[in-house]
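Please look over the sequence and the model shown here before reading on. The report that follows takes up a few strands and residues in turn.

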Amino acid sequence: MDLPIFQIDAFTLQGSKVLSGNPAAVIPLNEWLADELMQMIATENNLSETTFFVKEDDTYHLRWFTPSNEVELCGHATLASAHVIHQILDDDRPVLPMSCVAGDISVSVINEDSSTRYRLDFPNRSPELLKGKRALNKISKLLGVNVLELHQDRDLIAVLENEQAVRDCRPDFAGLKEYECFALAITAPSDDKEIDFVSRFFAPKQGIDEDPVTGSSFCSLGPLWSAKLGKDQLKARQISSRGGDVELQVSENTVGIIGATYHYMQGVIRIPE
């Protein structure tokens, strides 16, 4: 059985669409494969996410797999899927309806001059401030940096003193893997006047020590910084080794997550019958 596969870079850096952002594999299907087989394919791909989707009526149903397990929501792989659906499969609708285990989502196509970007409408997951010193001290030790605040929704979010502290952070990944949280984001105000805040994202429990650009993390990072800065239009940069840029539009129930894409590679994968 031969299946098409596309590798798309999502949330690429402004002005440098090539070899930045977060690469995702996208595999369109006519019908679902067995869960075990999809997991094996994602493990073989060895990217932070592999997306499979099936179109039913007018809606694309998405599932996302890391190298070790399935996740319920993934931003960069949704952005990559929108690129494939819109630019390769030629679905020219201005809004691409999608669904996943977390519920209905949609992706809007933004045409700007000669370029195209996509807006994800994801749920607003405003994190709660965690009080008390025990967790704060534990995370500071695991990160090797001073943590000012801890917040949590799906992800644990550590607010650091400044951008340099975010860049310098060298986590204890073995320790983080044992910590009871889905993943850990670290964040601070940006040194760049054009960018509101920076972040990095660690998910060793999900088989990913550091993710290049994590769209779903901004469901919580967006509302957090919107409240801190008193604005609902934000620009963010995830300062991993690849780096990526994200624009955010924060409302009461949703976070619009906007980014660019780059079509890096495509091919065929051969699966034994």
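## Strands E3 and E4

In this predicted model, Phe52 has Arg63 as its bridge partner in E4, and this pair belongs to a pairing of E3 and E4 that runs in the antiparallel sense over seven bridges. Strand E3 covers residues 50-56, while strand E4 covers residues 59-65. The two strands form a hairpin with two residues between them, and in this hairpin Asp57 takes a positive phi near 55°.

## Other partners of E4

E4 also pairs with strand E6, residues 95-100, here in the parallel sense and over two bridges; within E6, Ser99 is the residue that stands opposite His61. A further pairing joins E4 to strand E5, residues 70-71, through two bridges, with the strands running antiparallel. In that pairing the bridge partner of Phe65 in E5 is Glu70, and the hairpin that E4 and E5 form has four residues between the strands.

How many of the seven residues of strand E4 are buried? Five of them are, and E4 is therefore largely enclosed by the rest of the structure.

## Thr50 in strand E3

Thr50, which is found in strand E3, has a relative accessible area of 0% and is therefore buried, since that value falls under the 20% cut-off. Its side chain makes a polar contact, at 3.0 Å, with the side chain of Asn45.

When neighbours within four places in sequence are left aside, the residues in contact with Thr50 are Ala25, Ile27, Ala42, Asn45, Arg63, Trp64 and Phe65.

## Val246 in strand E16

Another part of the chain is represented by Val246, which is found in strand E16, residues 244-250. Is Val246 buried or exposed? With a relative accessible area of 2%, Val246 is buried, because this value too lies under 20%.

Leaving aside the neighbours within four places in sequence, Val246 is in contact with Phe11, Val213, Phe218, Leu234, Lys235, Ala236, Ile257 and Ile258. Val246 and Gln14 are 232 residues apart in sequence, and the C-alpha to C-alpha separation between these two residues in space is 9.2 Å.

Notes:
Residues numbered from 1 in each chain as written. Predicted model: local features only at pLDDT ≥ 70, side-chain atom pairs only at ≥ 80, totals over all residues. Heavy atoms only, no water. Buried < 20%, exposed > 50% of the residue type's maximum accessible area, 1.4 Å probe, protein only. Contact = heavy atoms within 4.5 Å. Polar contact = N/O pair within 3.5 Å; in protein donor to acceptor, adjacent residues only side chain to side chain. Pairing = 2+ DSSP bridges.
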